[in-house]
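Please look through the sequence and the model shown here before reading the report that follows.

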Amino acid sequence: MSHVKKVFIKSYGCQMNVYDAERMADVLAPEGYVETATADDADLVILNTCHIREKAAEKVYSELGRLRQLKSERAAEGKATSVVVAGCVAQAEGGEITRRAPVVDLVVGPQSYHRLPSLLARSGNGAKVVDTEFPAEDKFDHLPTPARAVTKARGVSAFLTVQEGCDKFCTFCVVPYTRGAEVSRPVAKILAEAERLADAGVREITLIGQNVNAYHGEGPDGRTWTLGRLLERLSTVPGIARLRYTTSHPRDMDAALIAAHRDLPTLMPYLHLPVQSGSDRILAAMNRQHTGDDYRRIIDEVRAARPDIALSSDFIVGFPGETDADFADTLRLVREVGFASAYSFKYSPRPGTPAAERDGQLPEAVKAARLAVLQAALDESRRAFNAATVGIVTEVLVEREGRHPGQLAGKSPYLQAVQFDGEGAQIGGIITVEITEAGPNSLFGRPLAGATVRDGVAAL
Ligand code: 5AD
Ligand code: SF4
């Protein structure tokens with residue numbers, strides 16, 4: 001019998017990378033690889049990287065420094081270790097990576113990882129292989145279906161890629177260059193994947209794409225389907241109790257998608273809709289193609305369709321030329337909209353993007369000070385949202401054992417982490433709880449047998 005080979009995959013960045021990491025494990029499983037939780041005993045180490053901000057990209061090189069040490073220690077014990085850099089840094093930097101970090105055997109971009117077995121066979125023993133092409137063949141058609149037990153072990157909540165790439169060209173963003181043009185998968189393929197997930201016990205599917213609400217895939221009727229229509233179809237898949245989608249662009253929030261938030265009980269009341277800035281001047285410089293008021297109007301429409309919806313967003317502070325007055329506009333938007341959660345970042349100039357070349361780059365200290373003020377405002381907003389859910393009776397999808405024995409953890413419809421007392425057999429179930437307390441990182445709930453749900457943060 002051939003010896004079992006171990007692969008350690010470390011993912012950085014967004015949900016797309018989490019999904020891709022699972023697909024890489026699926027591609028390697030027929031080659032005899034099983035996943036391991038640490039690099040120390042791995043025959044193959046894959047760093048699935050993120051290029052969105054400089055800090056994210058730099059992490060890769062420090063990790064490669066540690067792997068160089070590990071590879072030589074293992075070599076001294078007679079064990080070989082292959083090191084692969086995948087993901088968006090691979091796409092952006094290609095052969096530069098093997099030059100800067102000779103420990104790397106293979107560099108593979110996000111559109112080529114279905115070829116991992118043949119690429120690995122060509123690399124090693126000093127041979128460096130770089131594949132950052134956008135092949136004409138559809139990567140998804142070349143990915144093997146994982147065993148049911150493998151999918152089951154990954155949990156009751158799963159990601160499903162429906163769209164990749166971006167055509168928006170925001171002036172700060174590398175995504176259109178690393179992930180390429182927008183491509184939507186056909187409805188039939190997505191449906192088959194959703195049914196397979198449901199069959200393995202998945203209860204919640206989050207549809208993912210760099211610009212997911214720009215989805216325009218081929219429907220079974222030969223017409224182009226939008227995300228709203230896709231969600232409606234997926235809501236009929238037996239076993240799937242919850243649907244979510246991320247990440248969206250304000251320009252693509254169409255009427256059908258907003259109506260889906262009113263009409264589909266399986267579509268969870270949560271929307272991640274990045275706004276980036278509250279200043280019209282900065283939004284224009286970012287090429288976002290909408291104003292602050294356009295965003296407010298969309299939010300009003302979404303709230304009219306689903307009054308209790310939890311809103312989330314992304315923000316960038318310190319974009320080139322951002323003044324105190326521009327930043328004040330961002331704070332005003334935050335206070336007016338009321339976000340349940342948010343991600344916020346200091347602007348990071350990315351090579352090859354238009355904004356990186358602009359005049360008016362701001363000093364680090366200004367960016368750091370604005371980020372601290374913004375994060376305090378977003379924190380306050382999040383706490384207010386969580387506090388308003390104390391006392392409601394809602395449903396929790398039970399995902400895993402909790403932090404303490406006898407506790408379970410799951411998510412509310414609003415994507416809040418909830419801890420409560422219960423037994424392992426309940427994992428995968430949807431239970432009714434009364435939210436009793438809001439802690440800094442999660443809520444606490446009391447299970448109510450036989451209670452009816454009164455979701456009710458509409459009063460927010
Ligand atoms: N600098 C800082 N943040 C960025 N983002 C994208 N590019 C940059 C950059 N150059 C943020 C945006 C985006 C999120 C995924 O990352 O807010 O929505
Ligand atoms: Fe980047 Fe803008 Fe596309 Fe989002 S919409 S991936 S921020 S270019």
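## A buried glutamine

Gln111 counts as buried because its relative accessibility is 13%, where buried means under 20% relative accessible area, exposed over 50% and partly exposed in between, with a 1.4 Å probe and protein chains only. This residue of the predicted model lies in the loop between strand S5 (106–108) and helix H5 (116–122), helices (H or I, at least four residues) and strands (E, at least two) being DSSP runs numbered from the N terminus.

Leaving aside neighbours within four places in sequence, Gln111 is in contact (heavy atoms within 4.5 Å) with Glu133, Phe134, Pro135, Lys139, Glu164 and Arg179.

## Confidence and conventions

The average pLDDT, the predictor's confidence in each residue from 0 to 100, is 94 for the protein, and 97% of the residues score at least 70. Over residues 454–460, however, the pLDDT is below 50.

Residues are numbered from 1 along each chain as its sequence is written, while chains are lettered from A and ligands numbered from 1 in the order in which they are written. In this predicted model local features need pLDDT of at least 70, side-chain atom pairs count only at pLDDT 80 or more, and totals for chains, interfaces and linings use all residues, while side-chain values use heavy atoms, with hydrogens and water left out.
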